[in-house]
Amino acid sequence: MHQKIVLVTLAVVLAVALVGGRALTLPGSAPATSSKTSPCGPVGEPAEKLGLARTRALTLCLLNEERARHGLPGLRHDRRLEVSSQGHSNDMARREYFEHHTPEGVEPYQRMLAAGYPANNAYTAENIAWGEGSESSPAEIMDSWMHSPPHRDAILHPGLVDVGVGVAIAPGAATYATNFGGPPLR
């Protein structure tokens, strides 16, 4: 029987809470980091300015920075998960939807499996996000994910060890998808 982390299929999951084009800071949480300084590099720059490769690399670095902060090993880049993530980011941007499932009902684990990742017998999860201008920076996207319990849980889940980052960059905006995977379940 295949299993997956349920958070990617819950209808109540918000990939990034946006209010008037700005990332929502949840009550009682710290505001979004405005200094955007990180050992990772210029994480506060908009994705459009950074370009695809740099945005992906900075996002992965921030994911691993958060995991290290919580005593977890870093996520390993997986090309198959990157293909799945990038395909979903591109599809959401091209067809103007923002969901974990495609309009045809294809689920994240199905996209991962189609890209060659053994998602039918592994832990899997997906985080998605969208931002305009400075809200499209890796720092702002990460801040939004870390202030959303289901997205934070995916980032910090010890059973998730592989990741692929996809980013569809449009003028002034970016659509992110991160696909996470773990070892086969026994």
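Reader: What pattern does the chain follow, read along the sequence?
Author: The pattern is β-β-α-α-β-α-α-β-α-α-β-β. That comes from six helices and six strands. Helices (H or I, at least four residues) and strands (E, at least two) are DSSP runs, numbered from the N terminus. This is a predicted model: local features need pLDDT of at least 70, side-chain atom pairs count only at pLDDT 80 or more, and totals for chains, interfaces and linings use all residues. Residues are numbered from 1 along each chain as its sequence is written, and side-chain values use heavy atoms, with hydrogens and water left out.

Reader: Which strands form the open sheet, and in what order?
Author: Four strands, in the order E3-E5-E6-E4, with mixed pairing. Two strands pair if DSSP finds at least two bridges between them. Strand E3 (76-77) and E4 are the edges, each pairing on one side only.

Reader: How many bridges join E5 to E6?
Author: Nine, and the two strands run antiparallel. Ala170 has Ala173 in E6 as its bridge partner.

Reader: What lies across the sheet strands E4 and E6?
Author: H5 does, running at about 125° to E4. Axes are lines fitted to C-alpha atoms, for helices over the stretch in contact (heavy atoms within 4.5 Å). Angles run from 0 to 180 degrees between N-to-C directions. Helix H3 (residues 79-95) lies across E3, E4, E5 and E6, at about 30° to E5.

Reader: Back to H5. Is helix H5 mostly covered or mostly uncovered?
Author: Mostly covered: nine of the nine residues in H5 (residues 138-146) are buried. Buried means under 20% relative accessible area, exposed over 50%, partly exposed in between (1.4 Å probe, protein chains only). Glu140 and Asp143 are among the buried residues of H5.

Reader: Which residues touch the most other members of the largest nonpolar core?
Author: Leu63, Met142, Trp145, Ile155, Tyr176 and Phe180, out of 27 residues in that core. H5 gives the most to this core, with five residues. A nonpolar core is a set of buried Ala, Val, Leu, Ile, Met, Phe, Trp, Tyr and Cys residues joined through side-chain atoms within 4.5 Å.

Reader: New topic. Where does Gly51 lie?
Author: In the loop between helix H1 (47-50) and helix H2 (52-69). Gly51 is partly exposed, with a relative accessible area of 23%. The C-alpha atoms of Gly51 and Ile169 are separated by 7.7 Å, though these residues are 118 apart along the chain.

Reader: What share of the whole chain counts as buried?
Author: 49% of the 186 residues.
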